[in-house]
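Subject: Model handover and notes

Dear colleague,

I am passing on the structure we spoke about, followed by my notes on what was found in it. Please read the notes with the model open beside you.

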Amino acid sequence: MDPAARTHSSPGADRVKRTAPRPRLGLGLGLGIALAAIATVVWSGSFVTSRALHDSVPPVQQAFWRWVVALAALAPFAARAAWRQRHVLRRHLGFLLLASLLGIAAYNTLVNQAALSTSAGTMGMIMAASPVLMAVYERVGGVRLGVRRIVGMLIACAGVLLLMGGGRPSFDFGAGDLWMAGAAACFASYSALLRHKPREIDGLAFLFAAFVLGTAMLLPAYAVSLAVQGPFDPTPSTVGPILYIGVFSSALAFFAWSRAIALIGAARAGAVYYLQPVCVAALSYVVLGEGTSPAQLLCMALILGGVVLSAG
């Protein structure tokens, strides 16, 4: 072929080249939204579990054993990858420490602390505000959110505020609500940080290293909790939920969420995360007997509408 022909392609050829990758991007978008939805549904169960364990397992002990179980579940798939990348992980230790603090050690401990005095439904509602902060982080980073996504998030936020206020906007938070607000901020910061994960770090190696570091950060607090509160009683009603949050809400959901953010970004994944209060409300009604009023159902419809608009 003539070199000039290769160098100066026709406008039609350029359009073909530009439009060819679109099917892959569409598949990536669909997969990313599906993974974000899986993580959201599984995490909804962890809020109900934390609430169910609030009077039998201290918050720090819940968090510590959650990550011990998660490490055991993830090790067969990720330990070898983490060992192969040990030099890469060491180079990015600062990033790993911050991600582990926000997403592993602090976030889940705050959720468990909030569960001592807040219903599972309220926990899910407050957590639904975290995607707003995720979107703010992305906007600060130069990402254009688009009018449709912004309007969708505002509609979903309105639904969350109405839901928390029993049909009218309310900012009257109790102690448990404030703990949960701190957890939401930690999760949003962790999700935004994931967007900047060094490309050379394998996803499984990153998760395994973060789980190890987060568990190590919890170890001193766990020792204090044992000394002050004593160990919890390992019965089927305590061990079973911890196994659930360790295997599914930690290993599986965190992997799905990390992949979702890599595919579609924190803001769009955060829009899917607005489904969480609806999932939590349904699960808390079935498992804990927490009721849902007609006004709450109407607010949930607003949240779902905002999700569809933002993620569409």
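I begin with glycine 176, which is found in helix H10, where helices are DSSP runs of H or I with at least four residues, strands are runs of E with at least two, and both are numbered from the N terminus. Before going further, please keep in mind that this is a predicted model, in which local features need pLDDT of at least 70 and side-chain atom pairs count only at pLDDT 80 or more, while totals for chains, interfaces and linings use all residues. Residues are numbered from 1 along each chain as its sequence is written, and side-chain values use heavy atoms, with hydrogens and water left out.

Glycine 176 counts as buried because its relative accessibility is 3%; buried here means under 20% relative accessible area, exposed means over 50%, and partly exposed covers what lies in between, with a 1.4 Å probe and protein chains only. If neighbours within four places in sequence are left aside, glycine 176 is in contact (heavy atoms within 4.5 Å) with Ala114, Ser117 and Thr118. Its C-alpha atom is separated by 8.5 Å from that of methionine 123, which is 53 residues away along the chain.

Alanine 281 lies in helix H14, residues 276-287, and is buried, with a relative accessible area of 8%.

For the chain as a whole, there are 15 helices and 0 strands, and buried residues make up 47% of the 312 residues. Of the contacts between residues at least 6 apart in sequence, 89% join residues at least 24 apart. The chain exposes about 14,800 Å², of which carbon and sulfur atoms supply 68%; accessible areas come from the Shrake-Rupley method with a 1.4 Å probe, and for residues only the protein chains shown count as cover.

Valine 42, in helix H3 (residues 22-52), counts as buried because its relative accessibility is 12%. Not counting residues up to four places away in sequence, valine 42 touches Tyr244, Phe248, Ser249 and Ala253, and its C-alpha atom is 9.8 Å in space from that of valine 280, at a sequence separation of 238 residues. Threonine 215, found in helix H11, counts as buried at 9% relative accessibility, and, with neighbours within four places in sequence left aside, is in contact with Phe64, Trp67, Val68, Leu71 and Ile104. Leucine 302, in helix H15 (residues 294-311), is instead partly exposed, with a relative accessible area of 32%. Beyond residues up to four places away in sequence, leucine 302 touches Ile155, Ala156, Gly159 and Leu162, and it stands 8.7 Å from cysteine 157, C-alpha to C-alpha, across 145 residues of sequence.

The structure holds 1 salt bridge, defined as a side-chain nitrogen of Lys or Arg within 4 Å of a carboxyl oxygen of Asp or Glu. It joins the side chains of glutamate 200 and arginine 91, at 2.8 Å from N to O. The pair links distant parts of the chain, 109 residues apart, with glutamate 200 in the loop between helix H10 (175-194) and H11 and arginine 91 in helix H5 (residues 86-91). Glutamate 200 counts as partly exposed at 38% relative accessibility, whereas arginine 91 is exposed, with a relative accessible area of 54%.

Lastly, the largest pocket is lined by 15 residues, of which Leu194, Lys197, Ser258, Arg259 and Ala262 lie nearest its centre. The elements that give two or more residues to this lining are helix H11 (203-229) and helix H12 (236-264), and the largest share, 5 residues, comes from H12. A pocket is found on a 1 Å grid over the protein atoms alone, as an open set of points where a 1.4 Å probe fits, with protein on both sides within 12 Å along at least five of seven lines, and lining residues have an atom within 4 Å of a point.

With best regards
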